[in-house]
Amino acid sequence: MKTPERKYVEQGRAAALLGIPEPTLCQISKETGLGHKEGNGAHEQMYFTYEELRRICLLAVQRVH
């Protein structure tokens, strides 16, 4: 049986995949407009598509060089 493919990654998992702290990912998200919030009020969570994570990686590499 196949596991359903996830289209979005929540913020904690995204930070772990990218190897950066969550506050850094939040800052990058605010600066670039990547990611989106879902939920309501105190239960909002930031989610990223795999394409958005790829773009964040490319931006991080450009900043280092």
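**A guided tour: salt bridges, a helix and a pocket**

Begin by selecting Glu44, which is partly exposed at 41% relative accessibility (buried means under 20% relative accessible area, exposed over 50%, and partly exposed in between, with a 1.4 Å probe and protein chains only). The model is predicted: local features need pLDDT of at least 70 and side-chain atom pairs pLDDT 80 or more, while totals for chains, interfaces and linings use all residues. Residues are numbered from 1 along each chain as its sequence is written, and side-chain values use heavy atoms, with hydrogens and water left out.

**The salt bridges**

Lys37 is exposed, with a relative accessible area of 55%, whereas Glu44 is partly exposed.

How many salt bridges does the structure hold? There are two. For the other, select Arg54 and Glu51, whose side chains meet at 2.7 Å, N to O. Arg54 and Glu51 both belong to helix α3 and stand three residues apart, about one turn of the helix (helices are DSSP runs of H or I, at least four residues, numbered from the N terminus). Arg54 is partly exposed at 43% relative accessibility, and Glu51 is partly exposed at 41%.

**Helix α2**

Now select α2, residues 22–32. Leu25, Ile28 and Ser29 are buried in this helix. These residues lie on the same side of α2, because they cover an arc of only 100 degrees around the axis, taken from the directions of the C-beta atoms from that axis. Turn the view to the face away from the buried side, where the exposed residues Pro23 and Lys30 are found. After α2 comes Gly33, with a positive phi near 80 degrees.

**The largest pocket**

Finally, select Ile20, Thr24, Ile28, Ile56 and Ala60, which lie nearest the centre of the largest pocket, among its eleven lining residues. A pocket is an open set of points on a 1 Å grid over the protein atoms alone, where a 1.4 Å probe fits, with protein on both sides within 12 Å along at least five of seven lines; lining residues have an atom within 4 Å of a point. The volume of the largest pocket is about 160 Å³, counted as the space filled by probe spheres set on the points. Both α2 and α3 (50–64) give two or more residues to this lining, and α3 gives the most, with five.

Definitions and conventions. A salt bridge is a side-chain nitrogen of Lys or Arg within 4 Å of a carboxyl oxygen of Asp or Glu.
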